[in-house]
Amino acid sequence: MAVMECPECQGKVSDTADACPHCGYSFAAEAERYKQEVKGYQKAEQADRNKAICVVLLALVVAGAFWLRTSSGKDFVKDYRKYGPFGEVERRDAMNKKRESKLTADVRYSPTKFIITNQDGFDWTSVELEINSVGLKSGYILKVGRISAGQTCTVQKVEFAKPDGTRFNPIAVKALNFSVLADTPNGKAASAWKLE
Ligand SMILES: [Zn+2]
């Protein structure tokens, strides 16, 4: 048993006593007051932590808003609205279309030939015609050089050949699509037609 000093009357008091025997000062009440004080500090600390979390979240929201104002952010939002979360393939397709400007042409065909008319107001140069183009795999190609503005060009289907030299055989192979690739004053351009 230790002896301590009463904080009120400075009299000697046993440290196991609930109250001071000299002045009646209650140590239990003092302990309870101290407990409440500690609780108050803890509450204040928690409030400070919450404030810090709020500041961090607000900073993230502001950063996100700035990102959306940038061009890539805008494009993303536009594409997302248009194609949804799984539209990556369509999006790439749309970008490809944008890269290749179209040629304006009239294309007619018979079982043995194609008749192409350049309906653009400019000449096509380094013109490459292709039958049955499938993505990056080459179809049957025919290089015809230049087709001037308004000019009509007639080509035989048997003139077309694969890069390995295989000739297009109009009797054995069905022409499913026809495409024209050319240099124009505005750069490379291409157009494709699906054949019935
Ligand atoms: Zn006392």
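Predicted model: local features only at pLDDT ≥ 70, side-chain atom pairs only at ≥ 80, totals over all residues.

Me: How many helices and how many strands does the protein chain have?
Reply: Along the sequence, the elements follow the pattern β-β-α-α-α-β-β-β-β-β-β-β. The totals for the protein chain are 3 helices and 9 strands.

Me: What percentage of the residues in the protein chain is buried?
Reply: A residue counts as buried if 20 or more other C-beta atoms lie within 10 Å of its own. Among the 196 residues of the protein chain, the buried share is 11%.

Me: Which strands stand at the edges of the open sheet of 4 strands?
Reply: The sheet is antiparallel in its pairing and has the strand order 6-5-8-9. From one strand to the next, the twist averages 15 degrees.

Me: Over how many bridges do strand 5 and strand 8 pair?
Reply: Strand 5 covers residues 124-131 and strand 8 covers residues 177-184. Across this pairing, Glu-130 lies opposite Ser-179 of strand 8, and Leu-129 lies opposite Val-180 of strand 8. The sense is antiparallel, and the number of bridges is 5.

Me: Which residue of strand 9 is the bridge partner of Phe-178?
Reply: Strand 8 and strand 9 form a hairpin, with 2 residues between them. Their antiparallel pairing extends over 8 bridges. The partner of Phe-178 in strand 9 is Trp-193.

Me: What is the phi of Ser-126, approximately?
Reply: Most residues other than glycine have a negative phi. Ser-126, placed in strand 5, is not a glycine and yet has a positive phi. The value is about 50 degrees.

Me: Where is Asn-132 found?
Reply: Asn-132 is a residue other than glycine with a positive phi, near 55 degrees. Because 19 other C-beta atoms lie within 10 Å, Asn-132 is partly exposed. Its location is the loop between strand 5 and strand 6.

Me: How far apart in space are Glu-128 and Val-144, C-alpha to C-alpha?
Reply: Glu-128 is a residue of strand 5 and is partly exposed, with 16 other C-beta atoms within 10 Å. Leaving aside neighbours within four places in sequence, Glu-128 is in contact with Ile-141, Lys-143 and Leu-181. Glu-128 and Val-144 are 16 residues apart in sequence, and their C-alpha to C-alpha distance is 6.3 Å.

Me: Which residues have the most contacts inside the largest nonpolar core?
Reply: This core has 15 residues. Strand 4 (113-118), strand 5, strand 6 and strand 8 are the elements that give two or more residues to the core. The residues with the most contacts inside the core are Trp-124, Val-127, Ile-131, Val-180 and Ala-182.

Me: With which residues is Trp-124 in contact, leaving aside its neighbours within four places in sequence?
Reply: Trp-124 is listed among the core residues with the most contacts inside the core. With those sequence neighbours left aside, the contacts of Trp-124 are Leu-103, Asn-118, Arg-146, Ile-147, Ala-182 and Thr-184.

Note on methods
Residues numbered from 1 in each chain as written. Pairing = 2+ DSSP bridges. Axes fitted to C-alpha atoms, helices over the stretch in contact; angles between N-to-C directions. Buried ≥ 20, exposed ≤ 12 C-beta atoms within 10 Å, placed from the backbone. Contact = placed C-beta atoms within 7 Å. Core = buried A, V, L, I, M, F, W, Y, C linked by C-beta atoms within 7 Å.
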